[in-house]
Amino acid sequence: MAGPSTEARVAPGTTVPTRRGTEALLLAFAVAVTLAAQCIVDLTVTGSLRAELATFGIWFTALWTAAHLVVRKFAPYADPLLLPCVAVLTGLGLVMIHRLDIADPEAGADAPVQLLWATVGLALFIAVLLVVRDHRLLSRYAYILMLVGLVLLAIPAVLPASMSEVYGAKIWIRVAGFSIQPGEFAKIALIVFFAAYLVDKRDVLALASRKVMGLEFPRGRDLGPVLVVWVVSILVLVFERDLGSSLLLFGIFVAMIYVATERASWVVIGLVLFAGGATIAYRAFGHVQARVDTWLDPFAYYDGAGYQVAQSLFGLGTGGLFGAGLGGGRPDAVPIAKSDFIGSAIGEELGLFGFAAVILVYLILVERGLRTSLIVRDPFGKLLAAGLSFAVAWQLFVVLGGVTGLLPLTGLTTPFLAYGGSSLVANFGLVALLVRISDAARRPAAPHVAPQRLTDAPTEVVTP
């Protein structure tokens, strides 16, 4: 692809060496925190340090050193906080998965597998930075990416249950012991399409035909995009029984259309459609009704569907303000704690303050992404950065809402923290796009060279 964008202005008061030093220092801090947490877990639970800790430390350090060098070489103006936030979240996730491995050795060691997936994710991160040198070129492939995203969403629905269904949701492709969740990658492809489409159609979508209670509503024929995405999200819910992906897809599109048009009426329309879809889903699908009933009173279903949520609430209550300490709790008492309920494990062992600190790291990551969307100069980059950032924020809100009992369970996983290769690898690709847009946003504009006048041009003698 073409070289990096040179349209954006550099952030005042910062230089490439400053960014390089800041990112290196924060990455070193993230690695140190991860290794210290691993040591605390081993000493607390087993009373000694594992021999494999040295191998883990070297591997983990090498991964982020390589990522740092690639970012500083191919995206030198990128925000220096993006990569360290991802590093500390990934490291903490590895620590908690290792902690749960020790607590239940019969379930198998998943931390080494997660480290391998982190390696694959960083390989994808580097590949995206090397291939996508200008994020604006992605808009040329918007409709191809839309088709790819829809196909990825549809594949599990048409596969037999033996190859696609896990815990009642048909969202997987499982072949010969290998499994992948294509919806995680479909999410990114569809966000790129949404950004390109909304840039092209935002003037039409911003037109208002009538004003109701102070809100300007669009024309009826312009409601088509929202209705299409609403129907697609309902179809995902129907055929794949996947409440999480349906909610995530629709929420991202409504947020992006609001950013593109600055019309609050789109949010109202989105909420109305969401309420209608939720009502239909509750009345038509038994598994949705069971999740809502369990959410309303998990203790009434303690011996069945409510056991997981109830145990999560017990764990969070046991952690209190300061937590039981790494290795000091019983996070393994929550079923599927490594993936769906890793937030509960963190809340129990790190307490409310530690849990809030982890959320703060996510908020920094999202804030830097949204700041990038504000300072990048091309409209496509603005919408793409906003959509990618909101995807992380929305997914985190939905997941932690389920863990704490604020929302019904959706089946989504906590980005970077939870066990799962598809989610981890896809989110590394998402952050790579944010890094690329951030580099374009902060890159200094090329110096303007005045065109040479014809009278000043030197005389050339052309010989036949």
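## Aromatic cluster and pairs

One aromatic cluster is formed by Phe 56, Phe 60, Trp 64, Phe 416 and Phe 428. The model is predicted, with local features requiring pLDDT of at least 70 and side-chain atom pairs pLDDT 80 or more, while totals for chains, interfaces and linings use all residues. Residues are numbered from 1 along each chain as its sequence is written, and side-chain values use heavy atoms, without hydrogens and water.

Across the whole structure, a search finds 14 aromatic pairs (rings of Phe, Tyr and Trp, the last by its six-membered ring, with centres within 6.5 Å; planes under 30 degrees apart are stacked, over 60 edge-to-face, the rest tilted). One of these joins Phe 194 and Phe 253, whose ring centres are 4.7 Å apart and whose planes stand at 65 degrees, so the pair is edge-to-face. Phe 194 belongs to helix α7 (residues 183-205) and Phe 253 to helix α9, so the pair ties together parts 59 residues apart in sequence. Helices here are DSSP runs of H or I with at least four residues, and strands are runs of E with at least two, numbered from the N terminus. Phe 194 and Phe 253 are both buried (under 20% relative accessible area; exposed is over 50% and partly exposed in between, with a 1.4 Å probe and protein chains only).

Trp 394 and Phe 397 have ring centres 5.8 Å apart and planes at 20 degrees, so this pair is stacked. The two residues are three apart in helix α14, a separation of about one helical turn. Phe 397 is partly exposed, at a relative accessible area of 40%.

## Packing of α9 and α14

The axes of helix α9 (residues 243-261) and helix α14 (residues 379-404) come within 9 Å and cross at roughly 140 degrees. Axes are lines fitted to C-alpha atoms, for helices over the stretch in contact, and angles run from 0 to 180 degrees between N-to-C directions. α9 and α14 are therefore oblique to each other (roughly parallel is under 35 degrees, roughly antiparallel over 145, roughly perpendicular 65 to 115, and the rest oblique).

In α9, the residues meeting α14 include Leu 247, Gly 251, Ile 252 and Met 256; their partners in α14 include Leu 383, Gly 387, Phe 390 and Trp 394. Contact means heavy atoms within 4.5 Å.

## Val 113

Val 113 sits in helix α4 (residues 111-131) and is partly exposed, with a relative accessible area of 31%. Val 113 and Gly 421 are 308 residues apart in sequence and 8.5 Å apart in space, C-alpha to C-alpha.
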